[in-house]
Amino acid sequence: KAVVSTQSTGTRHAEKHIVVWFVAGVFVYMTIPITTAGVVQHLKNFSQPPQQLRLIRILMMVPVYSFFSYLGMILKKQTIYLDAMRECYESYVIYNFMMFLVTYMYEHYNVEQLLTYKPAQPQLFPFQRLPPWPKGKSFVIWSKRGVFVYVVSKPMTTMAMLIAELAGNSGKNEFRMGSIWMWTLIIDNIAQMWALYCLVIFYQALKHELAGIEPLPKFLCVKAVVFFSFWQGLFLDSLVFLDIIRDSKNPGGYTAEETAETVQNLLICMEMFGFSIAHHIVFSYKPYVSEVELPPPQFLTSLSHLFDIRDVRTDIRTQLGVSVHNMRQQRSPRYHERTPLMSSEHVEMNTIKDYNKQNSNDPDI
């Protein structure tokens, strides 16, 4: 009887897992076609490649979150790797949103001159008592640098947490200062909030010029995905820490941590369906429909551009170069005389021109 009872309990346990997987799968398979339709429409109306590449990368956030979360429910042992990839893509999306705004501005305005004549942008809550942000090219540099901090720090903290988990020394769900998980949580939260703060500062200073692309609803869509995934995950981890979510008593059942991860993944799969609809509307292809008929793009070639992250590497090197230049200039006044000033406008315009030149000579686009 004991054997029969154990087998019956295990069968019911497996049936519950199948039901959860099925529900999550339904939402995933409803989400992906919506995003795919938006991406395809952008590629069909690829009139502004530098801008639309950023938008498509942002649109891909929803299926990446949804699909990786679904795989994390099924492949329990690979969950830490899937979560790591999903979280790194989050920082990549915030970077692309910032560069979308910067690209638009440099295509339509002399940004550094415009910011020179504008009043200095004051700090926002809770930093009102601090000096206002610098004007001119320094404003763009500092805004981008705040985002790049998160782009660089997020993969590093994710890798540190991954190594700690594989070594069994991560201290996950332990709210104590000796826990590696706690420190990565603090660093990620500070870096993320600073990146979002810099985005808001950039928008506040140039909101009239940016009105043509309606950045506020786009920002809210990106922020909502980041907000829900982060805070609901932290809430579930707190329930594990408080022993509200406990280990399963059934043979082969989930641990408390696995239960929290499964609930988190299920919620993300469900939420991404709603976000896919919102992103399809907010990041629409319609503003890029051209009256001039464009040649149809080659799918594989366009896809290679979407996942080519050399622009991130170039931008990070540029930011580091600007930092080194400023440090040397402060130490040695003669350095400024013999070294051409690295202008953020010069870098952005060259990036846009090089990209357009590359695409115009590419018969596949």
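Glu 87 and Lys 154 form a salt bridge in which the closest N and O atoms are 3.8 Å apart, the term salt bridge meaning a side-chain nitrogen of Lys or Arg within 4 Å of a carboxyl oxygen of Asp or Glu. Glu 87 belongs to helix 4 (residues 79-108) and Lys 154 to helix 6 (residues 137-166), so the pair ties together parts that are 67 residues apart in sequence; helices (H or I, at least four residues) are DSSP runs, numbered from the N terminus.

Glu 87 counts as partly exposed at 29% relative accessibility, whereas Lys 154, at 7%, counts as buried. Here buried means under 20% relative accessible area, exposed over 50%, and partly exposed in between (1.4 Å probe, protein chains only).

## About the model

This is a predicted model, in which local features need pLDDT of at least 70 and side-chain atom pairs count only at pLDDT 80 or more, while totals for chains, interfaces and linings use all residues. Residues are numbered from 1 along each chain as its sequence is written, and side-chain values use heavy atoms, with hydrogens and water left out.

## Other salt bridges

A search of the whole structure finds six salt bridges. One of them joins the side chains of Glu 209 and Lys 118 at 3.4 Å, N to O. Glu 209 is buried at 12% relative accessibility, and Lys 118 is buried too, with a relative accessible area of 18%.

Another salt bridge brings together the side chains of Asp 243 and Arg 246 at 3.7 Å, N to O; Asp 243 counts as partly exposed at 43% relative accessibility, while Arg 246, at 57%, counts as exposed. Salt bridges that share partners also join Glu 87, Lys 154 and Asp 188 into one network.

Terms used: Helix = DSSP H or I, 4+ residues; strand = E, 2+ residues; numbered from the N terminus.
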